[in-house]
Amino acid sequence: MELTKRQKIKKYVFYCLIITAANLFQNTAGLFPEIAGARCFFLLPASVFLSVGENEKSGAFLGLFAGLLWDLSSGVHMGFNCIFLMIICFLTSALTSYIARDTFITNILLSSFVTILYCLIYWLCFIIIKDVDGAEMTLFSFYIPCMIYTAVISLLLWLITTPIKRLLNNNK
């Protein structure tokens with residue numbers, strides 16, 4: 001069943017609120033625990049989960065919004081998160097529109113792949129290229145623990161977002 005204009009507005013407002021909450025949990029110090037210095041990148045799985053099952057334009061805009069929030073709170077490398085999440089969310093919505101289905105396995109694999117890809121690209125482009133002493137070890141001391149932490153938390157995040165998505169899409 002096709003959603004009315006009012007239902008679509010309500011759905012995307014809730015999606016933006018979820019992304020904003022994920023941004024707050026991720027970027028507010030002390031709001032969510034860090035385990036041995038590892039932080040959870042909530043915006044990666046949240047934006048992927050919300051863009052799965054959407055059309056490409058909506059997915060890209062959700063990624064753009066999530067990346068914009070992340071860039072606004074980061075202060076360095078302006079635009080990287082915005083562009084990365086927009087492209088990733090576009091690709092995940094296109095993938096689930098034409099190739100894969102919106103299932104638990106698809107969501108978790110996409111979320112894990114995006115988290116690994118983000119951490120490796122960020123580490124290569126902004127840590128290794130700067131040639132800082134000990135930059136190679138940050139992969140093992142920070143980025144891999146962050147990948148694992150985000151992957152574990154993404155399981156819980158999927159359990160939270162899926163019923164909300166079903167309710168807002170009238171798929172009970």
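Which side chains meet in a salt bridge at 3.6 Å, N to O? They are those of Lys-165 and Asp-102. Keep in mind that this is a predicted model. Lys-165 sits in helix 6, while Asp-102 sits in the loop between helix 4 (80-98) and helix 5, so the pair ties together parts that are 63 residues apart in sequence. The two partners can be compared by their surroundings. Lys-165 counts as buried because its relative accessibility is 8%. Asp-102 has a relative accessible area of 42%, so this residue is partly exposed.

Why do such pairs form? Side chains of opposite charge can pair when their charged atoms come close. The structure holds 3 salt bridges.

Another of them joins Lys-11 and Glu-54, whose closest N and O atoms are 3.1 Å apart. This pair also links distant parts of the chain. Lys-11 belongs to helix 1 (residues 5-27), and Glu-54 to the loop between helix 2 and helix 3, 43 residues apart. Are these two buried or exposed? Lys-11 is at 6% relative accessibility, so Lys-11 counts as buried. Glu-54 is buried as well, with a relative accessible area of 5%.

The remaining bridge lies between Glu-2 and Lys-8. Here the closest N and O atoms are 3.3 Å apart. Glu-2 has a relative accessible area of 61%, so Glu-2 is exposed. Lys-8 counts as partly exposed, because its relative accessibility is 34%.

Now turn to a charged residue without such a partner. Asp-71 lies in helix 3 (residues 56-74). Asp-71 is buried, yet has no salt bridge. How far away is the nearest side chain of opposite charge? That side chain is Arg-39, and the distance is 12 Å. A salt bridge needs a nitrogen within 4 Å of a carboxyl oxygen, so Arg-39 does not qualify as a partner for Asp-71. What does Asp-71 touch instead? Leaving aside neighbours within four places in sequence, Asp-71 is in contact with His-77, Met-78, Gly-79, Phe-80, Asn-81 and Cys-82.

Helix 3 also has a packing partner. Helix 2 (residues 43-51) packs against helix 3 at an angle of about 165°, with the axes 9 Å apart. That angle makes the two helices roughly antiparallel. Helix 2 passes helix 3 in a right-handed crossing. Which residues meet there? From helix 2 come Leu-43, Leu-44, Ser-47, Leu-50 and Ser-51. From helix 3 come Gly-59, Leu-62, Ala-66 and Trp-70.

Stay with helix 2 for a moment. How many of its residues are buried? The count is 9 of 9, and helix 2 is mostly covered. Among the buried residues are Pro-45, Ala-46, Val-48 and Phe-49. What covers them? The cover for the buried residues of helix 2 includes helix 1, helix 3, helix 4, helix 5 and helix 6. Just after helix 2, Gly-53 takes a positive phi of about 90°.

Finish in another loop. Val-132 lies between helix 5 (104-128) and helix 6 (138-168). With a relative accessibility of 46%, Val-132 counts as partly exposed. Val-132 and Ile-121 are 11 residues apart along the chain, and their C-alpha atoms are separated by 16 Å.

Technical notes:
Residues numbered from 1 in each chain as written. Predicted model: local features only at pLDDT ≥ 70, side-chain atom pairs only at ≥ 80, totals over all residues. Heavy atoms only, no water. Helix = DSSP H or I, 4+ residues; strand = E, 2+ residues; numbered from the N terminus. Buried < 20%, exposed > 50% of the residue type's maximum accessible area, 1.4 Å probe, protein only. Lys, Arg positive; Asp, Glu negative; His and termini not counted. Contact = heavy atoms within 4.5 Å. Axes fitted to C-alpha atoms, helices over the stretch in contact; angles between N-to-C directions. Parallel < 35°, antiparallel > 145°, perpendicular 65-115°, else oblique. Left-handed = near helix turned anticlockwise from the far one by under 90°.
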